[in-house]
Amino acid sequence: MKKDPHLGLSDIEWQLLNSFQHDFPLVPEPYKEIGKQLGISEEEVLQRLQHLHECGMVSRVGVVLRNGTLGVSTLAAVEVPPEDLERVAQIVNSFSEVNHNYEREHALNLWFVVTARSQQRLMDILGQIESKSGSEVLMMPMENNFHINLGFPIH
Amino acid sequence: MSMQIVSDKESDLIEAIQSGFPLTARPFHDIGKLIGQSESEVIATLKNLQERGVIKRMGVIVRHRELGFKANAMVVWNVPDELVAEKGKLIGDMDFVNLCYLRARVLPRWPYNLYCMIHGRQRDEVLNNIVKLESYCGMEDIAKEILFSQRRFKQQGAHYFSPKSNQPQTMK
């Protein structure tokens, strides 16, 4: 494990980020348990995680679900003229069912993931994005459960 | 497409933790209080969901960009259907691949079906890793495209349903 010196993280913070991405302790006082493993107090674990969350390095302490557990989701892409990208990105963002939305280097330059309660709602959202943006939305739903989530080992 | 693979009780719990566990001394107790379940019930349900593979991973979920991994490529290949399972398994051996998906093609515009996310500190590092991956997995001759990310407009955990007013205030 190599620590990036530019981030200004302590060894403890680095370990919190790196060593607890899997197997969060399922015990009544999990942060105390993590503290034990790191040789620090529960309070310090909570403070550090709070800090890492506030500075954006930690998205959350929580779960990643198997795709399709609740609702229906798809990856989608649109080709937007560069000068119109900001506007279309905001249209896409306006749906709370959109959880990722990135500009990518390609003719298809806006890529987002929509997860909705039902197939009908999913299609409704994509239809609205298409009509408000004026661009065709391509839909790339996941097939079966072919999904490997390996966490984010930091080397 | 949507299958009922979780019970109502499990679904209540999943909704309550969709934006993360509270950063409190007894997070499972606090979540349980919001949805009328005991601490031990919450823990048992989470364990069970993990064992069934509904929960794929539980713990600290990081944001790669903020950790200095600013080069993020989505790599897509057009892998013949009969080779997909084999290639996907091999890709799983690569420690720099964070996610790997099989997705529907959108013909004729988009012939690609296998997707990988590869993050690195520098673009060169990511490109080198893609070369390594293709050589290890025998994918040098398969058509592909590399799409580096530019602006991030949104990144959040999946919110399957509109937030309810009684959602736990996670992360304070």
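Residues are numbered from 1 along each chain as its sequence is written, while chains are lettered from A and ligands numbered from 1 in the order in which they are written. Because the model is predicted, local features need pLDDT of at least 70 and side-chain atom pairs count only at pLDDT 80 or more, whereas totals for chains, interfaces and linings use all residues.

**The domains**

Select residues 9-54 of chain A for domain 1 and residues 72-140 for domain 2; these bounds come from an automatic or database domain assignment. Their C-alpha centres lie 36 Å apart. In chain B, select 8-51 for domain 1 and 65-148 for domain 2, whose C-alpha centres are 35 Å apart.

**Two helices of chain B**

Next, select helix 1 (residues 8-16) and helix 2 (residues 27-35) of chain B, whose axes come within 10 Å and cross at roughly 120 degrees. Helices (H or I, at least four residues) and strands (E, at least two) are DSSP runs, numbered from the N terminus. Axes are lines fitted to C-alpha atoms, for helices over the stretch in contact, and angles run from 0 to 180 degrees between N-to-C directions. Helix 1 and helix 2 of chain B are therefore oblique to each other: angles under 35 degrees count as roughly parallel, over 145 as roughly antiparallel, 65 to 115 as roughly perpendicular and the rest as oblique.

Show B:Asp12, B:Leu13 and B:Ala16 of helix 1 together with B:Ile31, B:Leu34 and B:Ile35 of helix 2, the residues that make the contact. Residues are in contact if their C-beta atoms, placed from the backbone, lie within 7 Å.

**Where the chains meet**

Now display both chains; each side of the contact is counted in turn, with 70 residues from chain A and 70 residues from chain B. On the side of chain A, strand 1 (residues 58-65) gives the most, with eight residues.

Then select strand 3 (residues 98-104) of chain A and strand 5 (residues 144-155) of chain B, which pair in the antiparallel sense over four bridges; strands pair if DSSP finds at least two bridges between them. Within strand 5 of chain B, B:Gln155 is the bridge partner of A:His100.

**Two loops**

Select B:Pro108, in the loop between strand 3 (97-103) and strand 4 (114-120) of chain B. The peptide bond from B:Leu107 to B:Pro108 is cis, with omega near 0 degrees.

Finally, select A:Asp23, in the loop between helix 1 (11-19) and helix 2 (30-38) of chain A. Although A:Asp23 is not a glycine, its phi is positive, about 55 degrees.

Definitions and conventions:
Two residues are in contact if their C-beta atoms, placed from the backbone, lie within 7 Å.
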